Amino acid sequence: MNDSVLIIEDELLIAELVKMNLRMRHITCNVATTGQEGMEMFENQNPSIVLLDVRLPDTDGWELCKKIKQNKPDSVVIFMTAATQKKDREEAEKAGADDFIEKPFDIGELVSLVNKYRKY
Amino acid sequence: MIDEFSTGSTLPATILIIDDQPKNLAVIGDYLMKCGFTILVSQTGTGGLRRARDLKPDLILLDILMPDMDGFETCRRLKADESTKNIPVIFMTALTSVEDKVKGFELGGVDYITKPIQYEEVLARVKTHLQIVNQKKKLRLQASVLRKINIHLKKEIETRKAAERELQSLNEELEYRIKSRTEELSKTAEKLRVANIKLEKANKELLKIDTIKTEFVALASHELRTPLTSILGYAQTLLASYSQMDNSMRADVLSTIVSESKRLSALIGNLLDISKIENRNFNIVIEPFDVGEVIERVINALNLPSGFPLTVHNMVPDKHRVVGNQEKTGQVIRNLLDNALRYVKNEGQITIEIKETDEFIRVGISDTGPGIRPEEQEKIFEKFYRIRDEKNRSFGSGLGLSIASNIIEAQGGRIWVESKYGKGSTFYFTLPKEISYE
């Protein structure tokens, strides 16, 4: 496992926003815009933290989270979600999510959240 | 003894004796008087008749052989007179021939006494006949009582029958009322049942609408958060890392903020449109207009670079116009063209074709974009539905086609898509033609 962050988010502008802010803080990160791409990158790059959107064009974030946790239980999954319904949060918890951040989020909060879970 | 012979009154029975022999009259009269009877006498048939008429004796002892009018004639006359015919007559005679006796009975006599007279026999026969009279009177009385009772009973029966009829008609009335009441009740029950079903249906409908609204709010808030996340995030980034950025980067960030703000604003506009449509607050003015002109105006407003491959084939004669709302139809055309432009990017081309059928004018907007999978062709008209195609992502609100479909249907038209995946799509809509009276 390395110190990188994987962003799986289909809204390109948001993915770029997160990437830009993490990189300015010298955190290595990469972006995937679909579930499939995200899973491939996760397996190849072995990131320690995954920032995950709930709604993806080919799958939902919960399914992806389960797969990631089955694959590598140590990796941290943080959901970035615009869905504020209780059900969404429950689903995320069931899928084994470590944390959530709600859209629209404060960039400072997002960065602190990522730093909280960084191990190296 | 007197009581026994009384004829209903308290007076003793009266006996008229008619005999031409004074001696006979005296002897029988004395004897019977001693026995307690009132005695009337007459020595002639004529006198006897008069006495009988005037005094109405209870019984007559009548001698047959008399000089002026014999007993038979006297009896005949007594029986012929209404007032005396019921008085029993006992003949007294020395005649012993059977003919005489028979004649006496034939004339209405009830009995006869043979002379020389035996007193006890006279008394016995008198008593017997008075008893018979008495019995007859009693019988008559009883009969009259019975008649009265009968009349009374008949009346009673009539009354009862009337009461019964009354009762029966009341009963029928009651049954009728019960029947009609029951019918009424069952009708009411049926009405209630129907009303209940309607209510349940309305309730379900309301619950459904409520669910749809809740889902709509959730989806809308989700959709609004996406551009807002970009706006807030990029603005914060610019603020916090201003010095780390060069000018072109700052300009990029600012233009992203601007374009995402516009997107947010358009989204809010669309949401308001949808909300108006869903609240049936969507009154549009319908009037005839030229759809070709509207298409031209929309294309001009797009500010396409010169030489962009967009062709319009208008196959409808000028005079044929549609009936609808010009502004809203313009919005639909704008939406469809925006979609087409988004998918063809700079590589493909767009063709607009206007055609007419019997009752409608049909507009088709074709693009050479990626096309839509068959299973998605109907869903794209649903609210917030976006094509799940990872290569060709749309960045619209997911509301444009839903709004277009509502607008077209509100004008009496139809909207649909024909598409081959990988080859491009054609969006069609129809609007009713203006009826021309040439």
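Biologist: In this predicted model, which residue of chain A forms a salt bridge with B:Arg263, and how far apart are the closest N and O atoms?

Modeller: The partner of B:Arg263 is A:Glu11, with the closest N and O atoms 3.6 Å apart; a salt bridge is counted when such a nitrogen lies within 4 Å of a carboxyl oxygen, so this pair qualifies. The count between chain A and chain B is 1 salt bridge, alongside 7 residue pairs in polar contact, both residues being at pLDDT 80 or more.

Biologist: Which element gives the largest share of the side of chain A that touches chain B?

Modeller: Helix 1 of chain A, residues 12-24, supplies that share with 7 residues, and by class this side of chain A holds 12 nonpolar, 4 polar and 8 charged residues. The contact as a whole draws 24 residues from chain A and 26 from chain B, and it buries about 2300 Å², 60% of which comes from carbon and sulfur atoms.

Biologist: Turning to chain B, what is the order of the strands in the open sheet?

Modeller: The 5 strands follow the order 2-1-3-4-5 with parallel pairing. Strand 2 (38-42) and strand 5 (111-114) of chain B each have a single partner strand, which is why one side of each lacks a neighbour in the sheet. From one strand to the next, the twist averages 20°.

Biologist: How many bridges join strand 1 to strand 2 of chain B, and which helix lies across both?

Modeller: Strand 1 (residues 14-18) and strand 2 of chain B run parallel and are joined by 5 bridges, with B:Ile15 standing opposite B:Ile39. Helix 2 (residues 22-34) of chain B lies across both, as well as across strand 3 and strand 4, and runs at about 170° to strand 1 of chain B.

Note on methods. Residues numbered from 1 in each chain as written. Chains lettered and ligands numbered in written order. Predicted model: local features only at pLDDT ≥ 70, side-chain atom pairs only at ≥ 80, totals over all residues. Heavy atoms only, no water. Contact = heavy atoms within 4.5 Å. Buried area = accessible area lost by both parts, 1.4 Å probe. Salt bridge = Lys/Arg side-chain N within 4 Å of Asp/Glu carboxyl O. Polar contact = N/O pair within 3.5 Å; in protein donor to acceptor, adjacent residues only side chain to side chain. Helix = DSSP H or I, 4+ residues; strand = E, 2+ residues; numbered from the N terminus. Nonpolar A, V, L, I, M, F, W, Y, C, P; charged D, E, K, R; others polar. Pairing = 2+ DSSP bridges. Axes fitted to C-alpha atoms, helices over the stretch in contact; angles between N-to-C directions.
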